[in-house]
Structures are given as C-alpha cells and as structure tokens.
Amino acid sequence: MLHSIYATNMGRQPKQDKDQLINHVESFRTNLGLSRQQLADTVGVHLQTIGYIERGEYAPTLALALRLAKALNCTVEDLYQPKESN
Amino acid sequence: MSSKPSAMALYRSKRIQRVLSAPTNRVLDEPAVKRILSIITIAGSYIYFASLLVPYSNKGLILLKLMFVGGGLPWWMIASFVLLRSSMRRITSLPDEYLDEREIELRDSSFKLGYLVVRRIGLALSGLIILVVGATWVIYYLTPTSYTYNPVQEVTWYEAAFKAINAYVTDVLGEAPVLTLGSMVILLTYVAYSFPLIILAWRDARIKREVVELPSPEVKITSLSEQFEKTSKVYFRLLIGVAISIPVAILSVMLMFVLPIFGLVTVAAFAFGPFVYLWAEIKLIMAIFSLKFQNLNLPRRKQLTRLASFASISGAVVPASFVVAIFNNQNAGPSFWVAIAGGFAAVGCHVASFITLRLTSVELASGETSSS
C-alpha cells in the first residue's frame, strides 16, 4: 500500500496563505432559498460539485464562478474573498 | 438525407443512457465501500505478486500458494476491480460533455497520477533488477578468478551471489516458465488498469457525500423491484449457461485428444461456473443490503441471507477439496467426491436464490412489503 499512500499525497500541493479564499456560496444560496440540486441544475454541474465548492474542497474555474455569481444574483467578488481581507 | 446511426454509435448512446439513469445512493456509492474495494484490490495485487515469487522447491509455501491463488484470489481480484469500476463508472465511462469540470479534473488527475506512479515503480523495479542481477553477472564474468583453476574450491561472494540468484530464478520459474512469466504480465496489466481507479475511488471517498433528496417510498420500492427483476433475468440466463457448460466441458475433454484446441474450450467451460458463482454471490449480497437499507421485506431478506451463506460455503468447499485431493493423490477419492457434492450444493443454493429473488421482485411490485 506504500506506493498508494505516496500516490494520494503526491497530487495535493499545500496552498500558500495568499491563495486561501473564503467563500460565501452556501450563505448566498440559502438566502435565496435554493437547494444544492437546484443550484447545480441552474449552473449545469453535478450536485456533488456544489457541495465541494461550498466546503472549499474545489475551486471553480472562472467560467463556473461567473455562472454561480449570475445564478446567485451577485458578483464573483461577493462569493470569494481572500483570507487576509476578512 | 439523414444517415442511420451506426451500430457502434447506438451502443455508445445506450451505454451512456444506462449510466445516466443508474440509481444514486447505491451500496457501491458509499465511501466506506469504495475504500474497502480499493484495499482489497491493492492487497490482492500484493498477495498475487508475492505468490509469484515463491520457489517451487518450497512445498509448504507452494501449497499455500495453490490454496490462495488457485482457490480464488484471482476471482476476488477481478470482482473487486469490476465493483470498483462500477462504483466510479459515472466518471470513468461518460464522455466529457456529460461531466462537469470538477469530475473531469478528478478523472484526469487520477489517471495522470496513476500513470506517473506506475511508471516510477516500473523504473525502480527495472533498476533493481539491472543492479542486482547485472552487477553480479558482470563481476562474475569479468573477474579473472572465475576462469582459473582453483584447487581449494574457494567460492567468492559474487560467485555465490550469482549462483544463488540464478538458482532462485530457475526455481521460481519451475517447470512452467511460460505460466509464471504470463502471470507476471497479467498482474502488470491488472495493476495498470486498477491503480488509477483506486486513486480515483480513494479521492472520491475522502469527501462527505451530499445527501440526495430521497425519493418517496413508492418510488424506492418500484425501483428496487425493477432492479431485482433485471438481476433475476440475467441470473436465469447464467444458470442455464452453467447447465450447458457442464456437458460442453465433458465433451470438450473427450475431443481434446482429437483436436488440442478443444483444451481452450474445456478451460472456458470450467471457468464459467466459478464466474457465475462469484457474480451471483456479489448480486445476492447487494440485494440483501438494498433490502436492509430500505428496511423492506424481512422474511425474504433472511431467506436470501441464508441461501447466500450456504452457497458461499459450499462453493468454497470445491476448490479446497480439489487442492486436498491433488496433494493427497493416493487417497484422493473422498476429497474428489466432497468437491462434487459441494459443487452441486452450490448450484442448488443458487437456483433457490434465483427463485427467491424473483419472488421478492414480484412481491415488491405488487406492494407486498413487510417492514421490520
């Protein structure tokens, strides 16, 4: 199993502090009364992906971030902020 | 003028629809199940690799090897790979246009990582072989003492190492070098296919699954009933196949002496039974867990559990008895008959399981559910 443990750790590079973001996707979604499935259907992704995004486990591409902002009636800057600015 | 879609395009379209319409919240979608399957696949590969390194002169270890590897390890390896692939089939089977960016990134990075790691392990193994075997070989043939008459018969360390390595490799290959080398190639292919899948499943299992909006109880029962009906149809065809494979196996054994090519037919016919046995065991376990998770139909669930248990025990008796018969060849008769009896018992259990599964499907469809 050694090479497998090595493998799963290989792909995850530690994020530097300046790259850490705070995301407000979940709060914007709940304020609008949308479920994760509804938001997923609106932006055209799988339900699991919305969960990953809200927990900060996945950073969306710019195109997806823009679609999220449009669906949540806000801007990308409202959804994502750098950690030190908070 | 519209052109008819080709057969390949139609098959591809149907396969995509089948994956898209697969039920969510299957047992295989549970993170713990994905991890267990990953561990079984990895452990199976290591055990199989270790078994290939057992020299034939070590009778005790050879017996263990036969019981493990001959008894069922390859089947478990195939089963865990198939189930792992099924658990990740959405990401591995669907083309890019049906996946979102995260799924594409997860798939691509896992396969890339799998390739990189397997590549490096291959390089490390090659380097080790070149270093150990090549170095002793070069030292042995380039040192002058190996060509001179040595009345004291002193053995240098590199001569001893060279001879020991050669003796070990000869012993490992035994009298069937093609089989041993072929097994190594098959193992390498298995690792190349399974390792990226393991990384994919392990990463996917790391994250807490979203709770999908649960369908109504009526929809759950109907979906389960349809699932059981589909499974029991395939089950029926496979059992018919097993019934046909027995006379085919006997006939091909006789014809093998006329045309050796029938040896392949014999092998296929004998392998079909264990394949159906394993398939049926997996499907029965999945059916039992489905009924348990939905809290449905307790009497049938207990029947299926009993039948699956008896089938697995009687099925395991068959290879174990054959191995005992091979090593006890002067008194192989009783073990041989135990194997035959075990085989018939396993077939009987599976026929009963098929009937029970079919009845369960009919009862669920007609709304007869007795919750515990």
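Helix α8 of chain B (residues 177–206) contains 30 residues and should span 44 Å at 1.5 Å a residue, which agrees with the 42 Å between its end C-alpha atoms. The expected span is 1.5 Å times one less than the number of residues, and helices are DSSP runs (H or I, at least four residues) numbered from the N terminus. The structure is a predicted model, in which local features need pLDDT of at least 70, side-chain atom pairs count only at pLDDT 80 or more, and totals for chains, interfaces and linings use all residues. Residues are numbered from 1 along each chain as its sequence is written, while chains are lettered from A and ligands numbered from 1 in the order in which they are written.

In α8(B), a kink of about 30° lies at B:Ser194, shortly before the proline B:Pro196; the bend is the angle between axes fitted to the seven residues ending at a residue and the seven starting there. Buried residues of α8(B) include B:Ser194, B:Phe195, B:Pro196 and B:Trp202. A residue is buried if 20 or more other C-beta atoms, placed from the backbone, lie within 10 Å of its own, exposed if 12 or fewer, and partly exposed in between.

The largest nonpolar core has 25 residues, of which B:Ala287, B:Leu304, B:Ala346 and B:Leu357 touch the most other members. Such a core is a set of buried Ala, Val, Leu, Ile, Met, Phe, Trp, Tyr and Cys residues joined through C-beta atoms within 7 Å. Two or more residues each come from α9 (217–255), α10 (262–293), α11 (298–327) and α12 (333–365) of chain B, and α12(B) gives the largest share, 7 residues. A second, separate core of 19 residues includes B:Phe195 and B:Ala205, both of which are buried in α8(B).

B:Ile16 belongs to helix α1 (residues 7–20) of chain B. Because 15 other C-beta atoms lie within 10 Å, B:Ile16 is partly exposed. Beyond four places in sequence, B:Ile16 is in contact (C-beta atoms within 7 Å) with B:Leu94 and B:Tyr98. The C-alpha atoms of B:Ile16 and B:Arg90 are 9.0 Å apart, although 74 residues separate them along the chain.

The mean pLDDT, the predictor's confidence in each residue from 0 to 100, is 79 for chain B, with 84% of its residues at 70 or more. Chain A also averages 79, but 74% of its residues score at least 70. Within chain A, helix α1 (residues 2–10) has the lowest mean pLDDT of the elements (45) and helix α5 (residues 62–71) the highest (94). The model scores ipTM 0.73 and pTM 0.65.

Key:
Two residues are in contact if their C-beta atoms, placed from the backbone, lie within 7 Å.
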